[in-house]
Structures are given as C-alpha cells and as structure tokens.
Amino acid sequence: MGSNEKVQIGVIGAGNIGNVHMNELKQIDQCVLTAVTDVFPELAHTRAREHGIPKVHDNYKALLADPHVDAVVVAVPNEMHAPIAIEALEAGKHVLLEKPMAFNAASAKDIVRAFLKSKRVLMMAHQMRWEPLNMQVKEQIEKGELGRIYNVKTGWMRRKGIPGWGTWFTQMHKSGGGPLIDIGVHMIDLSLHLMGGPKPVSVYGTTYAEFGPKKRGIGTWGKPDWNGLFDVEDLATALIKMDNGSTLSLDVSWAANTDFNDNQPYVYLMGSEGGASLRGGKGRFHKEVFDRTADVELVIPPGDEGSRRRMSLHFIECIKEGKEPITSAMTGLTNSLILEAIYESSRTGQAVTLDWSL
C-alpha cells in the first residue's frame, strides 16, 4: 500500500466497543471508515450517520466482499471472533480483532493458521499496552532497570460489576467464560508484555460462581435479561509458570465481597534490580538505594493522546509498513492457551501443561 493511500476500514459489530473503535479511527488522517455492519441493521445505520460512514452492509460476508474495504475491526460476541476473523483473512483483509482472540484455544489456533497463510496483518486490540504509564515501565524494563523480572502479581477485582446478566456475556456457550476471559485476559496480556514475553508452560487455577447464580453483584455495563442464563464464573484465581522459571499470579472478579485495590486493575512487578507498581492509572518504581527503599512516582505526560488512539495508529502503521503488531497473532494465542488452561485446571483440580502445537 502506498504511503499516501488511506487505509479503508470496515467495522463488523456496531455495539459499544465497535463504536469506541469508530470514534478513534475517524480521527486518524491515514485511514477512512468506509463500511459498517451489525446483526441489528438499525444500529448499523445509526453508527453510519454518527460517523459519516458511506456504506451499511446487510451482513459481515457482504462487507468482506466489499472492494472498498482494506481492513476490518471485528467487534462482535466472543463466539464469532474466530469465524469472522478467519473469513476476513481469507478474503485478503487486515484484521484488528477484539479480545479475547477466540472462544477457546482450538479456535485461536484456527485463526493463527489462517493468519500464517494470509500474509496480512492480524492485531489484537489490547489497549492497555498503550497506556502511558505502562509504556514508561516497559521502556525502563527494556533498559534493564528492573533486572530479571521473576515474579508478577496482577488482577482486577471488581466488587459489583457483572455485565449484561443473562445475555451472551454470562452464557458459557457464547462468551467462553466470565471475568477471566473478559477482563482477566487484559491483565494476563499486559503482564506478559512487561515481563518480556516469556513462554508460559503450566497453569494451576480455580474459578468460582458465588454471585451470578443468585442474580447479585450486577454492574452497569449492558442491559440484563432476567430470563436469560448465568453459567460462567464470577471470580478466578491462577498461578502461571514460565519457561524461564518466573511466575505470574492472577486474581480477577466481576463481583466479590472485598475492597481489594479499590476495584482497579493492577500489576506488581518484582525484579532483581528494581520493581514497579501499576494500579488504577497510577504508577511507581521501587529501588533500594544506600540500603534504603526509594520510590519514584510516574507521571502521565500532559496532552496525552490516549491508549486507544495509539493502538489505532499502530494498526494503521503496521498495515502501511508491513510490520508485525506489538499485539501479534501469537500473543493472542498465548492468552487463549492460558485462559483455557485455567478453566481446565479448575475442572480437574490439577495443574495443566500448555499445548503449543499448531
């Protein structure tokens, strides 16, 4: 693609997260929104009017056949991630895929195989890697300031935040899981990124459902369907071991009787030469200097453009320059393998070794 050509983008899924992507992409000069589709046609037409999108397609297959679409954003329920992403790659489109990569590890592997054949860009939409404080920590890690990162604690413990009770969010056969696959995947992805991308080899985990089955712990995201179903977890905990001996512990919930970390996402990195803490938009570096502990506060730069803008710009850059995204297909597969292993470990009560075969 020529450096002066604008990337033509179609959005598959016009709901809340699809709308977030449209709001960002329409403000980027190097691309243009050309098409949108949704299973609810009225919503797709509404988004088209709001964002000045010229074409509304009846379904995603019609959008993928559109010659005026170079790349697609896939922002649909989890069960449709793999089918649509694979068809998009086979149609020659670049893909920005919402998390999680797929409904399960087998489907994630199907996407990776399609990607390897396609010679197209496949990027996972993990915007937390582009948060300014997270980027500052990553920069210092790459300079060796933390030394060897050997242990990380991460999580996101929401006290009262079950989304869309009874809808696809809370149905295992549609979502693939609860908070673990919804917000836990963000914390796993960010932690592995900051750790330098070690290869996970084994997982021990447990999941619980103490609030959802009783219709308690309901949050504000999504409209509940009280005639629907809740058969996913509302809390998960796990220990993940890497091939270099380092460990990552995870705690995540949609609902829990706790004020643990003020319901904010967090990452605590412990390294041989220093450490770092990230929690709810704040961050600190930790060192030992002159036999005394010392902390340095991190500061968000004034006028910061935001994580989603940087993520969107990175997607366009990768398409135009033929680069591999920071959140590549293999990072998506890694996350999916870990998620499935946690669920399997909870079912069996045993540690699970990850299967990396394609």
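**Exercise 1. Which elements cover the buried residues of H6?**

Solution. What covers the buried residues of H6 includes strand E7 (149–157), H8, strand E11 (265–271), strand E12 (275–279), strand E13 (282–289) and H9. Keep in mind that the model is predicted.

Step 1. Locate the helix. H6 spans residues 132–142.

Step 2. List its buried residues. They are Pro132, Leu133, Asn134, Val137, Lys138 and Ile141.

Step 3. Take one of them, Val137. Leaving aside neighbours within four places in sequence, Val137 is in contact with Leu194, Leu269, Ala276, Leu278, Phe285 and Leu298.

Step 4. Look past the helix end. Gly144 follows H6, and its phi is positive, near 90°.

**Exercise 2. Find the residues that touch the most other members of the largest nonpolar core.**

Solution. 

Step 1. Nonpolar side chains in soluble globular proteins tend to be buried together.

Step 2. Turn to this model. The largest nonpolar core has 77 residues. Val72, Leu97, Met101, Ile111, Leu122, Val137 and Leu269 touch the most other members.

Step 3. Ask which element gives the largest share. That is helix H8 (residues 179–194), with 9 residues.

**Exercise 3. Describe the largest cavity: what is its volume, and which residues line it?**

Solution. 

Step 1. Count the cavities. The structure holds 1 cavity of 30 Å³ or more.

Step 2. Give the volume. For the largest cavity, the volume is about 30 Å³.

Step 3. Name the lining. Lys99, Pro100, Met101, Met124, His126, Val185, Gly332, Asn335 and Ser336 line the largest cavity.

Step 4. Sort the lining. It divides into 4 nonpolar, 4 polar and 1 charged residues. The largest share, 3 residues, comes from H10.

Step 5. Inspect two lining residues, Lys99 and Pro100. The peptide bond from Lys99 to Pro100 is cis, with omega near -10°. Pro100 sits in the loop between strand E5 (94–97) and helix H5 (105–118).

**Exercise 4. Is Ser328 buried or exposed, and what does it touch?**

Solution. 

Step 1. Ser328 is in the loop between helix H9 (307–321) and helix H10 (329–348).

Step 2. Apply the limit. Ser328 is buried, because its relative accessible area is 7%.

Step 3. List the contacts. Not counting residues up to four places away in sequence, Ser328 touches Leu122 and Met124. Leu122 is among the residues that touch the most other members of the largest core. Met124 belongs to the lining of the largest cavity.

**Exercise 5. Where is His51, and which residues does it touch?**

Solution. 

Step 1. His51 is in helix H2 (residues 41–51).

Step 2. Judge its accessibility. The value is 10%, so His51 counts as buried.

Step 3. List the contacts. Residues up to four places away in sequence are not counted. His51 touches Asn19, Met22, Asn23, Lys26 and Leu33.

Step 4. Take a distance. Asn16 is 35 residues from His51 along the chain, and their C-alpha atoms are separated by 14 Å.

**Exercise 6. Are Lys119 and Asp291 buried or exposed?**

Solution. 

Step 1. Take Lys119, in the loop between H5 and strand E6 (122–124). Its relative accessible area is 69%, so Lys119 is exposed.

Step 2. Take Asp291, in the loop between E13 and strand E14 (292–297). Its relative accessible area is 72%, so Asp291 is exposed.

Step 3. Check the backbone. Lys119 is not a glycine, yet its phi is positive, near 60°. Asp291 is not a glycine either, and its phi is positive, about 65°.

Methods: Residues are numbered from 1 along each chain as its sequence is written. This is a predicted model: local features need pLDDT of at least 70, side-chain atom pairs count only at pLDDT 80 or more; totals for chains, interfaces and linings use all residues. Side-chain values use heavy atoms; hydrogens and water are left out. Helices (H or I, at least four residues) and strands (E, at least two) are DSSP runs, numbered from the N terminus. Buried means under 20% relative accessible area, exposed over 50%, partly exposed in between (1.4 Å probe, protein chains only). Contact means heavy atoms within 4.5 Å. On a 1 Å grid over the protein atoms alone, a cavity is a set of points where a 1.4 Å probe fits but cannot get out, and a pocket is an open set with protein on both sides within 12 Å along at least five of seven lines; lining residues have an atom within 4 Å of a point. Grid points are joined across faces, edges and corners, and a volume is the space filled by probe spheres set on the points. Ala, Val, Leu, Ile, Met, Phe, Trp, Tyr, Cys and Pro count as nonpolar, Asp, Glu, Lys and Arg as charged, and the others, Gly among them, as polar. A nonpolar core is a set of buried Ala, Val, Leu, Ile, Met, Phe, Trp, Tyr and Cys residues joined through side-chain atoms within 4.5 Å.
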